[in-house]
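Here's a quick walk through one protein model. Have a look at the fold before reading on.

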Amino acid sequence: TSYNVGFLVGSISSTSINRRLAQALVKLAPQAQLSLTEIPIAGLPLYSADHDASIPAEAADFKRAIEGADGMVIVSPEYNRSVPGVLKNALDTASRPWGQNSFAGTPTAIIGTSAGALATAAAQQHLRLILSFLDAPTMMQPEAYVRTVDGLIAEDGRVTDPSLAEFLLTWLRAVHAHIAKQGDAG
Ligand code: FNR
């Protein structure tokens, strides 16, 4: 079975290394029988509970895209040992109005890259906490902490280090298995 997977990039930087990592995953995904499509977060308004009564069009489109995906991947940097505000805003938007949480039951996997020694490990733990509250079955293993060095991933998403390419493919196959398992359970 092939799955349609949506992905969020937790950075809106024009030179984002996490976007490059996402590009690498898009390139490798067909080998894991996944089709990866970005669900953009940059245009979302800042979430307010006022929106619950009348959901902004951008938020409604965003929620519908998540609900239409077989699974979700979140590719994110770490900001101050946590989740970047733009990503938190997107998750808050997806979670509301109460009772209409778009992540409920959606198999989700997380990955991220930074140049630091922890390679987004602290942010990913916070993200797991958020996703557990959102009732999104989150892939436990393999964890994916990608430490960036210059040139590791080319602008077009080509991975220059064969061992990283092999790891990312293994990770994507695990994402496929995670989605399949949730489908069997549901
Ligand atoms: C960072 N950076 C960072 N890196 C890290 O490993 N742990 C951290 O806690 C932080 N904190 C942090 C806060 C803020 C406000 C910024 C701007 C940056 C560095 C970060 O990993 C680096 O800027 C990456 O390039 C960000 O990812 P993108 O946007 O390139 O995908």
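This is a predicted model: local features need pLDDT of at least 70, side-chain atom pairs count only at pLDDT 80 or more; totals for chains, interfaces and linings use all residues.

Residue numbers start from 1 along each chain as its sequence is written.

Let's start with the sheet: five parallel strands make an open sheet, ordered S2-S1-S3-S4-S5. S2 (34-38) and S5 (145-147) are the edge strands, each pairing on one side only. On average, neighbouring strands are turned by 25 degrees against each other, direction ignored. Strands here are DSSP runs of E, at least two residues, and helices are runs of H or I, at least four, numbered from the N terminus. Two strands pair if DSSP finds at least two bridges between them; S1 (residues 3-9) and S2 have five. Along that pairing, Val5 sits opposite Leu36 in S2.

Now the helices, with angles from 0 to 180 degrees between N-to-C directions of lines fitted to C-alpha atoms, for helices over the stretch in contact. Contact means C-beta atoms, placed from the backbone, within 7 Å.

| Helix | Strands | Angle to S4 |
|---|---|---|
| H1 (residues 17-28) | lies across S1, S2, S3, S4 and S5 | about 130 degrees |
| H4 (residues 121-133) | touches S3, S4 and S5 | about 160 degrees |

Finally, Ser2 is in the segment before S1. Is Ser2 buried or exposed? Ser2 counts as exposed because it has 12 C-beta neighbours inside 10 Å; the cut-offs are 12 or fewer for exposed, 20 or more for buried, and partly exposed in between. Leaving aside neighbours within four places in sequence, Ser2 contacts Gln33, Leu34 and Ser35.

Definitions and conventions: Two residues are in contact if their C-beta atoms, placed from the backbone, lie within 7 Å.
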